[in-house]
Amino acid sequence: MKRILVFSFSFIGDAVLSTAVIQPLRTHFPEAHITFLVGPRAFDLLAAEPNIDTTIVYDNRGEHAGWSGRLRLIKALRRDKFDLVVNLRDSLTARCIGAEHWGMVRGESNRHAVTRYLEVLQKRGVDTTGAHPHLQLTEDEQTASHGFLAERGITSEQLLIGIHPGGNWVYKLWDAANYARVANALVKKRDAAILLFAGPDERELQAQVAQMMDVPPMLVQTEHLRHLTALISLCDVYIGNDTGPMHIAAAVDTPVVALFGSTSHIRSGPYGERHTVLQSGIDLGCNPCHPGRNPGECGAGSCEVIAGITVEQVLAIVSGQA
């Protein structure tokens with residue numbers, strides 16, 4: 001296999017999870033050129049990934065929208081003359097590239113996404129022992145992140161906690177005041193420094209949490225995903241909801257405390273043994289409602305299951321990890 005195309009994903013978290021296939025493919029096909037096809041939001045993250053040779057954008061809401069856009073993409077990919085397509089998104093388009101096709105294995109869907117991605121390779125005799133999502137930072141990226149902290153007076157001896165209170169769906173969110181209470185307790189009891197992360201559409205939420213904190217946190221507002229990744233890699237613990245940055249943290253081996261309620265941690269929790277999923281134990285009979293046919297059908301605007309997680313629970317887990 002000289003040229004391999006991996007059909008990855010549009011959402012950042014899904015794209016990060018798909019990196020689990022890189023190491024097994026590299027080992028099985030040591031001379032192969034590996035290309036990832038990803039959505040625009042995840043492009044910058046994977047385009048600079050040293051373990052990926054080429055990254056191509058699949059913009060299904062832009063130039064590749066509709067049948068004409070899909071046909072344009074197929075023609076472009078066929079020109080690249082790939083030998084193998086690893087189809088992780090179960091896309092019909094992937095079957096039209098004119099290459100050997102490795103598709104998703106049919107079976108029980110209520111399993112972790114990484115498990116299902118690796119099964120695509122296992123079915124074809126590829127050894128996936130020890131494979132996991134991984135992002136490899138460059139030396140320049142690591143230097144820049146250390147400089148960011150040094151400019152703000154943070155020393156390597158100080159406990160560094162990353163907190164991301166946001167998420168792309170309101171039913172995923174733990175209350176902003178709770179995040180502020182966790183941060184205040186860690187600053188007071190552990191002399192921790194707090195990195196408060198936010199996506200481009202989460203600045204208001206980030207400001208709300210910061211205003212409720214007794215000591216101002218370091219606000220991270222970069223839209224450069226590689227810089228975000230490098231900063232997360234320096235944290236002793238990352239705390240957040242079910243989001244892309246949660247998977248980024250796991251992929252750079254930062255211990256994660258992930259808060260879940262309306263979504264399935266079995267399918268999309270942080271991958272690896274160093275991480276902890278927190279749930280309240282409340283069972284409404286409808287949770288998790290995502291994935292599902294009518295996520296958020298209750299119309300409540302928030303989820304009681306994640307709301308039931310206590311500040312004390314989070315602090316207890318952090319204490320055991322840092």
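How many residues does helix H7 have, and how far does it reach from its first C-alpha to its last? Helix H7 (residues 176–190) has 15 residues and spans 21 Å between those two atoms, close to the 21 Å expected at 1.5 Å a residue; the expected span is 1.5 Å times one less than the number of residues. Before going further, note that this is a predicted model, in which local features need pLDDT of at least 70, side-chain atom pairs count only at pLDDT 80 or more, and totals for chains, interfaces and linings use all residues. Residues are numbered from 1 along each chain as its sequence is written, and side-chain values use heavy atoms, with hydrogens and water left out. Helices (H or I, at least four residues) and strands (E, at least two) are DSSP runs, numbered from the N terminus.

Let's stay with H7 for a moment. Eleven of its 15 residues are buried, so H7 is largely enclosed by the rest of the structure. Buried here means under 20% relative accessible area, exposed means over 50%, and partly exposed is in between (1.4 Å probe, protein chains only). Among the buried residues of H7 are Tyr179, Val182 and Leu186. Their cover includes strand S6 (160–164), S7, H8, S9, strand S10 (256–259) and helix H13 (311–321), where contact means heavy atoms within 4.5 Å.

S7 and S8 run parallel and are joined by three bridges, and Leu195 has Met218 in S8 as its bridge partner.

Finally, the charges over rings. The charged end of Arg152 sits over the ring of Phe148, 3.6 Å from its centre, and Arg3 lies over the face of Phe82, at 5.3 Å from the ring centre. This requires NZ of Lys or CZ of Arg within 6 Å of the ring centre and within 35 degrees of the ring normal.

How values were computed:
Two strands pair if DSSP finds at least two bridges between them.
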